[in-house]
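Colleague: Could you walk me through one part of this model up close? I'd like to see how a single piece sits among its neighbours.

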Amino acid sequence: MPSIHEFVYDFFVTSFEPVSLFKRLRDSTMKKTLFALLFAPLLSLAQAPVTGLWRASLATHGGELPIQFEINPGSKSANLDIKLVNGAEKSTLGESYFRADSLVVPFDLYEAELVFLVTKATEMKGYFVKKRNGKTAYRLPVSALAGPADRFLNLQPATVNVSGKWMADFFSDATNHSPGVGVFEQEGNQVTGTFLRTSGDYRYLQGNVSGDSLFLSYFDGSGINMLRAKVKGTQLTGRFTSGLSGVRTVEAKFDPAAALPDLKKLSFLKPGFDRINFTLPTTSGEQISLQDDRYKNKVVVIELMGSWCPNCLDESRYLAPFYTKYKDKGVEVIGIAFENSADIAVAGPKINNFQKKIGISYPLLFAGTAEDKTIEKVLPMLSKMNGYPTTFIIDKKGIVREIHTGFSGPGTGKYYADWITDFEHTIQSLLAEK
């Protein structure tokens, strides 16, 4: 049997459509009269949270994961503009609104939401709800307080400095190792940075150093990541947790020359192939093929992606304006979406929402589910898919000239700038070919 707290959450959160703040306040007297005997402790929930910086704590398998966000008035009087704060990034994927007596912070690209009961103007409690294909996959308790500026609390003066590059090894057992490069900046006990991985970066990690310990976290409605580590000289040892159950040990060494393997050599075509081909539908059912006249004698960029993938979001945010800049110069772009559902009726609206939110004017095609067997069926000439996104650059003759695994997004700083420079240099070189 669920606890009373769980019952109250379900009653107030899942049974009502969005209502305006005005209507909520207007009806509060009637509610108080109607529910006074049964729900007296909850009557204070009619108030709105204060604006400004908030700190939340999400209960995860790795411990309490801190989240920071800003609350500001929304574009409508009934709504709020709530932006997540991760390092230099302040992001929102949907305007927050009240659903009965609950405040809902939607992450519509990721099928997720934060749902709070406002117990005081400066306190909230609720759940992070992760969905899949419209159904709740899991819920994690979350509580929030207005005001605290530090990511992590109860800090001791920093006795170490982690600024710089670290060559890292992520592993879950003796046979499951993968490399990473940590890039951090520390001021006092405040730390920002990220880990670059062969499948993409961990975006904007933010946290603190306390004594000889490093604490970093990241949350965006999809990624739920936290590092807790000890630093001794040039060595770092810790535990990295992600998602609902992911756990990896991290061992790193300070190394200004730290680097990943060549990301252009991780994925490749099978022997005997130098080009790819496919025919796939848009969400409206239009069939698109690389053999179409639109792509003949063009430099074509193919992005294997998913609307659920934060690194794909970063790359697509770059490719959207890139395409606007280069489409009249002989460049085409296609996104091939591998989703969580094989049903286009389910996956299609997510792809459309992704396209609209980012402002993508090139076609996004639906390929099925994000599984190896699906990729093998869609692109049988590809040796292996090593991560999302994976990007193909194809020359005017239709030959694959480059395959790049992963994406170093804006959270990686110089690596992001270097990727753009290299990518656009390659495109310009191919455009110049006869």
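Predicted model: local features only at pLDDT ≥ 70, side-chain atom pairs only at ≥ 80, totals over all residues.

Colleague: Through how many residues does a hairpin join strand 2 to strand 3?

Modeller: Six residues: that's what the hairpin uses to get from strand 2 to strand 3. Residues are numbered from 1 along each chain as its sequence is written, and side-chain values use heavy atoms, leaving out hydrogens and water. Strands here are DSSP runs (E, at least two residues), numbered from the N terminus.

Now, strand 2 (residues 63–73) and strand 3 run antiparallel, with six bridges joining them; DSSP has to find at least two for strands to count as paired. Look at N72, whose bridge partner in strand 3 is D81.

Six of the seven residues of strand 3 (residues 80–86) are buried, so the strand is largely enclosed by the rest of the structure. Buried means under 20% relative accessible area with a 1.4 Å probe, protein chains only.

So who touches this stretch? F69 does: not counting residues up to four places away in sequence, its contacts (heavy atoms within 4.5 Å) include I82, K83, L84 and V85. Further away in sequence, F69 also touches F116, M124 and A144.

Notes. Buried < 20%, exposed > 50% of the residue type's maximum accessible area, 1.4 Å probe, protein only. Helix = DSSP H or I, 4+ residues; strand = E, 2+ residues; numbered from the N terminus.
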